[in-house]
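This briefing concerns one protein chain and is intended for a reader who has the coordinates at hand. Please consult the sequence and structure shown here alongside the notes.

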Amino acid sequence: MAQKKTHRPSADDPEVERIPLQAVLLADSFAQKFRPITLERPKVLLPLVNAPMIDYTLAWLESVGVDEVFVFCCAHSQQVKSYLENSQWTKQPGVFSVATIESHDAISAGDALRVIHEHGVIRGDFILISGDTVSNMSLAKALYEHKERRKKDPHAVMTMIIKQSKPSVLTHQTRLGDDEIVMAIDPETKELLYYEDKVDLSQRLILLDKMLLVENGAISLHNDKQDCYVDICSLGVLDLFVDNFDYQHLRRHFVKGLLVDDIMGCKIFTHEIQSSYAARVDNFKSYDTISKDIVQRWTYPFVPDVRYLGNGLQIKLDREGIYKAPDVVQSRSAHIDAFTVLGNATTVGDNTKISNSVIGQGCIIGHNVVIEGSFVWDNVTIEDGCKLSHALICDGVHLREGVILEPGVIISFKVEVGQNIVVPTYSKVSLLPQPSKQDSDEELEYADSNTGAIESTSMATVMNTSKLDFALGTSDANISGKPEFQGSGPGYIWSSSEGGTEEECRQSIAPIPAGKLLELLQSKISDNNAPDQDMIITPASGELLPDSESTFGDGDDDREYVDFEKEVEATFQRGLTGVEKENVILEINSLRLSCNMEQADCAGALFHSIMKQALVAPYSCKNELYANTIKEIIKWGDLLKHYLTTTDEEFEVILKFEDICSGTTRDFAPLFSNILTFLYDKEILSEKAILSWAQEKEGADESDKIFTKQAEQFIKWLREAPEEDDEDDADA
């Protein structure tokens, strides 16, 4: 009997350990969403909170017990190979093997897997993943389920990892910027029966093959699932790609192709993760979201202060989620706000304010600079008086004095922007001209070229000291020919992508503008006021039974509120990442309309989110938790007050507070009276609401009076305080 490996502890099933667990990592996204940046550097080597994206993926693969990783390189393959050869990943022989497979002919993920098949390196089940994936989930259960299914049914060729992530009811996008996906899943076996990632929202319906209901006892239809793009594949998956050369895209061609193929009989199953993290950096919005998730430690242990990613630096985590690397030089008058990362050897000047941003290594930031919600990579120089809002600045960029970068701006490598220039919203500036054609393999033409300044007098029409009027929808013809962008070096402003400015707005680092959200909200209200009488409205996510009416039990109201509460929390979390308060209000209002909830429901759900946020900061005693809670209430009190227009809403908040203390988070229980008093002092809760709550509790069971007894002295004071005031007036 072969001896089991003991080189690394693993929670995986012993059967998995007998055969080396392999993974195929695609180091090419075969997409253009990160242009112009990816014309000069491969996407997997772009920094994500100051570590290359591929490091997060490799670190996770190592943590789940993978033995061998085959990294497929295409565009910029030499850069990827050089990085890996000089990294920690290739210097661990016998423990975690990383090898590269190179091809300059592949133009799709399907081509990549056919090349992998030709090399004959995969010997059994393997993990298929993209090199821009961040996760901290355990794969043990999913691997076990996959192998058990394979024993019973050899046609079960793949298991897709999914998680819950309901899209915005306004934008129909997830928090990662992806369009909503509709999946049909067998609720018992978890087999994937239907997959559509390009839903035509204008039709307000989807068409399902009636055979789905005929052949399946029940199906669950979901639009609230996120595809994590992590797949456990059998060896037969490679054979399927070899046999079907029309399989190019992993989802659009391969997955959909198998679901409609009645001849081969191959099956795809799903495994849903619950509390773990898994997400792919697919566009600039997901880059922003995942970066903030890392900073806020949702991806632990893959966070900046844990030396897991091989950066060799001892990053220090301060209060309020502020990370500082060694040798940071910060002026005493500089102000660093919460959820900010400062890279090694970076200098921050006088009266500069940085909030909710990631700053790379070796940056020089001058005086009176304002940086909000932005990403500044390595060796960037930002002179005095510059203002950056939700922008991304690549290595070696130089911003002269007084430059203003408006939301959504992307400045590629080594661009120099002249003094007092205002770069308009969603602009992309690069030293490389925009390619005339938009093929998916265009980056191959740039892969081995020398990057840097192009010897050309051609200058992007950028801006001079006065702001250029770039309204949404401005055509390229209106921009070209205006000699208003005078940088101090060569550069090009790229025109909008194929989806236009509208698509750039939806997938930008910048939050969607309040005006656009208001427009979507008004459209949503109009749709709700004019329902289609001929259309049968069914839940977007729920179980469908053949030949049965849509009946719902009493528990559905509770389930709907729980879902609503989760959506409010997700909206609140977006507020933490820099989304304006007005936008948060708009999204919550739209949720209220779409979910048919009351104002009081919004108040209770928002209060719950605020209290959960108080638990994020570390605490070791009641006083520290109380201090955390007070801080969050002060910060978000005005937002909460927006939903406390009557006593009913205030009453709901008190009841929600009781539920929190007695159920989900009992750490708050000893502090109930103190926090209730503080809410009164800050005029968030009124005397009338608190006394009404106390009066209703008078006839309740003793077990339901725990918190009224704890607040007894405060309630007594409220009742007697007016009498004392009257006595004082009489004495006077």
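The structure is a predicted model, in which local features need pLDDT of at least 70 and side-chain atom pairs count only at pLDDT 80 or more, while totals for chains, interfaces and linings use all residues. Residues are numbered from 1 along each chain as its sequence is written, and side-chain values use heavy atoms, with hydrogens and water left out.

**Overall chain**

- The protein chain has 21 helices and 36 strands, taken as DSSP runs numbered from the N terminus (helices: H or I, at least four residues; strands: E, at least two).
- Of the 732 residues in the protein chain, 53% are buried (relative accessible area under 20%; exposed is over 50% and partly exposed in between, with a 1.4 Å probe and protein chains only).
- Among the contacts (heavy atoms within 4.5 Å) with a separation of 6 or more, 61% are between residues 24 or more positions apart.

**Helix 4 and helix 7**

- Two packed helices are described by the angle between their axes and the distance between the axes.
- Helix 4 (residues 109–119) and helix 7 (residues 236–243) have axes that come within 9 Å and cross at roughly 115 degrees; axes are lines fitted to C-alpha atoms, for helices over the stretch in contact, and angles run from 0 to 180 degrees between N-to-C directions.
- Helix 4 is therefore roughly perpendicular to helix 7 (65 to 115 degrees; under 35 is roughly parallel, over 145 roughly antiparallel and the rest oblique).
- Helix 4 contributes G110, L113, R114, I116 and H117 to the contact, and helix 7 contributes L238, D239, F241 and V242.

**S291**

- S291 lies in helix 9 (residues 284–295) and is buried, because its relative accessible area is 0%.
- A polar atom of the S291 side chain lies 2.7 Å from the backbone oxygen of Y287.
- Not counting residues up to four places away in sequence, S291 touches L48, V49 and F375.

**G396**

- G396 is placed in the loop between strand 28 (392–393) and strand 29 (398–399).
- G396 counts as partly exposed because its relative accessibility is 31%.
- Leaving aside neighbours within four places in sequence, G396 is in contact with D378, N379, V380, K414 and V415.
- S412 is 16 residues from G396 along the chain, and their C-alpha atoms are separated by 8.9 Å.

How values were computed
A polar contact is a pair of N or O atoms within 3.5 Å; within protein, one must be able to donate a hydrogen and the other to accept it, and residues adjacent in sequence count only if both atoms are side-chain atoms.
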